[in-house]
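The entries follow the order in which I looked things up.

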Amino acid sequence: MRIGLLGTGPWARMVHAPALSGHGELEFAGVWGRRADAAKELAGRHGTRAYDDVDALLAEVDAVAVALPPDVQADLAVRAARSGCHLLLDKPLATTVAQGRAVVEAAREAQVASVVFFTTRFQTGPESWIASQAEQEGWFTARAQWLGAVFTDDSPFSDSPWRREKGALWDVGPHALSVLLPVLGDVRRVSAAAHGPGDTVHVVLEHTGGASSTLTLSLTAPPAAAGAAVELRGAAGVTTLPESSEEAVDSLARAADALLTAARTGRPHPCDAAFGLRVTEILAAAESLLAR
């Protein structure tokens, strides 16, 4: 499968380009970016071609991987799907429900496969843990903490405008939801949302399986307090999400494997664009409560 990369920022340089160029079943066919000089530099580093025209790239590949801000990603994903390209997308799918729905509808109409890269869902240990907990019944409650210290001098994402605008809810909230939803079921209601220090938010969810969950999300935590944890409590006892030492490059390669499988079989992956849309809907509901 010939695949192109849309985006040249830190995540594209650190994760996407190495994963695509090193994948045995993909031909890394080109890079497009909003800055032509950055696209040329990144393409040269990985022995592929830089494109000045995104539509020219879309016309020459079978799939695209997107490493762009979510509002930019959504519009380009629609264009890519309409060009017949399978979609390897990043989280969040979009920052509005309308944009997310447009991606889902375009992929459905074009009959292209889609996978959204929720990192934890493509790490071997956490993936197995999530599947095991989803088979258990009687979960009572869960808590998820996703705390980052992103806006520090040594962070590659410190100058990310969309993260500063949308905050932890939209950046790390998708990670928490990607773990909780397959275990506890869909969210029936966002029952509460409150601000904490910095961009920190606290969200309370009611799930269709009967359990409740709480999320604590931040990009502005003290560095010593940063980290992620998920704990489930129920009839089966108490269990926590295992830590993973897998590199993001390896996880993205597994997401690319998932896209290849979905494209070949026609069977949607659990983390497809429709799942990305549902996560967007939940985040938008929480954002609405916070705005009140």
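Are α6 and α8 roughly parallel or roughly antiparallel to each other? Before answering, I note that I am working from a predicted model.

Entry on the two helices. I looked up the axes of helix α6 (residues 124–135) and helix α8 (residues 173–184), and I found that they come within 7 Å and cross at roughly 30 degrees. Angles under 35 degrees count as roughly parallel, and α6 and α8 are therefore roughly parallel to each other.

Entry on their contact. I then listed the residues that meet, which are W129, I130, Q133 and A134 on the α6 side and V179, P182 and V183 on the α8 side. Sorted by class, this contact of α6 with α8 holds 6 nonpolar residues, 1 polar residue and no charged residues.

Entry on the sheet. I traced an open sheet of 6 strands, whose order is β8-β9-β10-β7-β11-β12 and whose pairing is mixed. At its edges I found β8 (187–195) and β12 (237–240), and because each has a single partner strand, one side of each is left without a neighbour in the sheet. Neighbouring strands of this sheet are turned against each other by 15 degrees on average, direction ignored.

Entry on one strand pair. I followed strand β9 (residues 201–207) and strand β10 (residues 212–218), which pair in the antiparallel sense over 6 bridges. For E206 I looked up the bridge partner in β10, and that partner is S212.

Entry on helix and sheet together. I finally returned to α8, which lies across β7 (139–147), β8, β9, β10 and β11 (227–234), and which runs at about 165 degrees to β7.

Methods:
Residues are numbered from 1 along each chain as its sequence is written. This is a predicted model: local features need pLDDT of at least 70, side-chain atom pairs count only at pLDDT 80 or more; totals for chains, interfaces and linings use all residues. Side-chain values use heavy atoms; hydrogens and water are left out. Two strands pair if DSSP finds at least two bridges between them. Helices (H or I, at least four residues) and strands (E, at least two) are DSSP runs, numbered from the N terminus. Axes are lines fitted to C-alpha atoms, for helices over the stretch in contact, and angles run from 0 to 180 degrees between N-to-C directions. Contact means heavy atoms within 4.5 Å. Angles under 35 degrees count as roughly parallel, over 145 as roughly antiparallel, 65 to 115 as roughly perpendicular and the rest as oblique. Ala, Val, Leu, Ile, Met, Phe, Trp, Tyr, Cys and Pro count as nonpolar, Asp, Glu, Lys and Arg as charged, and the others, Gly among them, as polar.
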